[in-house]
Amino acid sequence: MKLIINADDFGLSKGINKGIIEAYQAGLISSTTIMINMPYAEEAISKWKENTSLGLGLHINLTQGSPICNNVSSLVDENGIFHKHRKIENGEIDISYEDAYREIKAQIDKLLSYEVRIDHLDYHHFIHLNQSIRKALINLALEYKLPLRTVDSNFRDEVKLSGIKTPDEFSFDFYGDGAKLESIVNFVEKHNDSNSIEIVTHCGYVDEDMKERTSYVLREVELNELRKLKTTSFYNQYNLSKYSDL
């Protein structure tokens, strides 16, 4: 089995950057995904360039902060800020395919401008539930020949049918009240016959910059649970992999 343990939100704050790199160096994660429009993205890339065996994907962000592109009016509110994710997920916002495609492509190209190899594409929040964004994600994954995260089975089937690589199973269990090492162990054991699995984490250190951008503060809890997991035999049983290994 290829087991991907991915840390989301690279670039969101210095504390998150520090925690993700420490997790990688300790053998707790195999890949991370960067929010290229966040203030600490350049610092994150600088840290990654000292740890290039860490898979570096793009955490496509259409729900936090401002877009890279101008003239993507369907993605932003009257202040030029991305709409809240729940409005997009609940279908309250009419997102145009052209705007979604243009902004996602701009984020991919910006990450490539730092002369990095993109391991895969994934996305901040559940923006794939919007049909315009969903179509843009698939088309751009095909265009750039990149693997793509699939959170649910319906999207997974659609992505695989398009010829895009994606893990066989995905777990968001390691989050909130479920941020316990048992969540990871139980999910992997349940899907032990799968060829590939992704477990998502949000590990890092809490700092004031992070608190300004997200309400999720259990970053250090997740980091500590991963450290506890390392003291068991778990990591000896599975090969930590990246999307590019699929």
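Visitor: At what angle do helix 4 and helix 5 pack, and how far apart are their axes?

Guide: This is a predicted model, in which local features need pLDDT of at least 70 and side-chain atom pairs count only at pLDDT 80 or more, while totals for chains, interfaces and linings use all residues. Residues are numbered from 1 along each chain as its sequence is written, and side-chain values use heavy atoms, with hydrogens and water left out. Helix 4 (residues 97–112) and helix 5 (residues 131–144) pack at about 40 degrees, and their axes are 8 Å apart. An axis is a line fitted to C-alpha atoms over the stretch in contact, and the angle runs from 0 to 180 degrees between N-to-C directions. The helices are DSSP runs of H or I with at least four residues, and strands are E runs of at least two, both numbered from the N terminus.

Visitor: Why is helix 4 called oblique to helix 5?

Guide: Angles under 35 degrees count as roughly parallel, over 145 as roughly antiparallel, 65 to 115 as roughly perpendicular and the rest as oblique. The angle here is about 40 degrees, and helix 4 and helix 5 are therefore oblique to each other. Helix 4 also passes helix 5 in a right-handed crossing, a term used when the near helix is turned clockwise from the far one by less than a right angle, whereas anticlockwise is left-handed.

Visitor: Which residues make that contact, and how do they divide by class?

Guide: From helix 4 the contact takes in Tyr 97, Ala 100, Tyr 101, Ile 104, Lys 105, Ile 108, Asp 109 and Leu 112. Helix 5 contributes Ser 132, Ile 133, Lys 135, Ala 136, Leu 137, Asn 139, Leu 140, Glu 143 and Tyr 144, where contact means heavy atoms within 4.5 Å. These residues divide into 11 nonpolar, two polar and four charged; Ala, Val, Leu, Ile, Met, Phe, Trp, Tyr, Cys and Pro count as nonpolar, Asp, Glu, Lys and Arg as charged, and the others, Gly among them, as polar.

Visitor: What makes the relation of helix 1 to helix 2 roughly parallel or oblique?

Guide: The axes of helix 1 and helix 2 come within 10 Å and cross at roughly 20 degrees. That value makes helix 1 roughly parallel to helix 2. The crossing of helix 1 past helix 2 is right-handed, and Lys 14, Asn 17 and Ile 21 in helix 1 meet Glu 43, Ala 44 and Lys 47 in helix 2.

Visitor: How do you know on which side of helix 2 the buried residues lie?

Guide: Ala 41, Ala 44, Ile 45 and Trp 48 of helix 2 (residues 41–48) are buried; buried means under 20% relative accessible area, exposed over 50% and partly exposed in between, with a 1.4 Å probe and protein chains only. They cover an arc of only 100 degrees around the axis, which puts them on the same side of helix 2; the arc is that of the directions from the helix axis to the C-beta atoms. Among the elements covering the buried residues of helix 2 are helix 1 and helix 4.

Visitor: Which residues are buried in helix 7, and which are exposed on its other side?

Guide: Leu 181, Ser 183, Ile 184, Phe 187 and Val 188 are buried in helix 7. Their arc around the axis is only 160 degrees, which puts them on the same side of helix 7, and Glu 189 and Lys 190 are exposed on the other side. The cover over the buried residues of helix 7 includes strand 1, strand 6 (196–201) and helix 9. Helix 7 (residues 181–190) and helix 9 (residues 219–230) pack at about 60 degrees, their axes 8 Å apart, and that makes helix 7 oblique to helix 9.

Visitor: Why does His 125 count as partly exposed?

Guide: The relative accessibility of His 125 is 28%, so the residue counts as partly exposed. His 125 lies in the loop between strand 4 and helix 5, and its phi is near 65 degrees, a positive value in a residue other than glycine. Most residues other than glycine have a negative phi. Leaving aside neighbours within four places in sequence, His 125 is in contact with Thr 63, His 85 and Glu 89.

Visitor: How do you know whether Glu 115 is buried or exposed?

Guide: With a relative accessible area of 71%, Glu 115 is exposed. Glu 115 sits in the loop between helix 4 and strand 4 (121–123), and its phi is near 60 degrees, again positive in a residue other than glycine.
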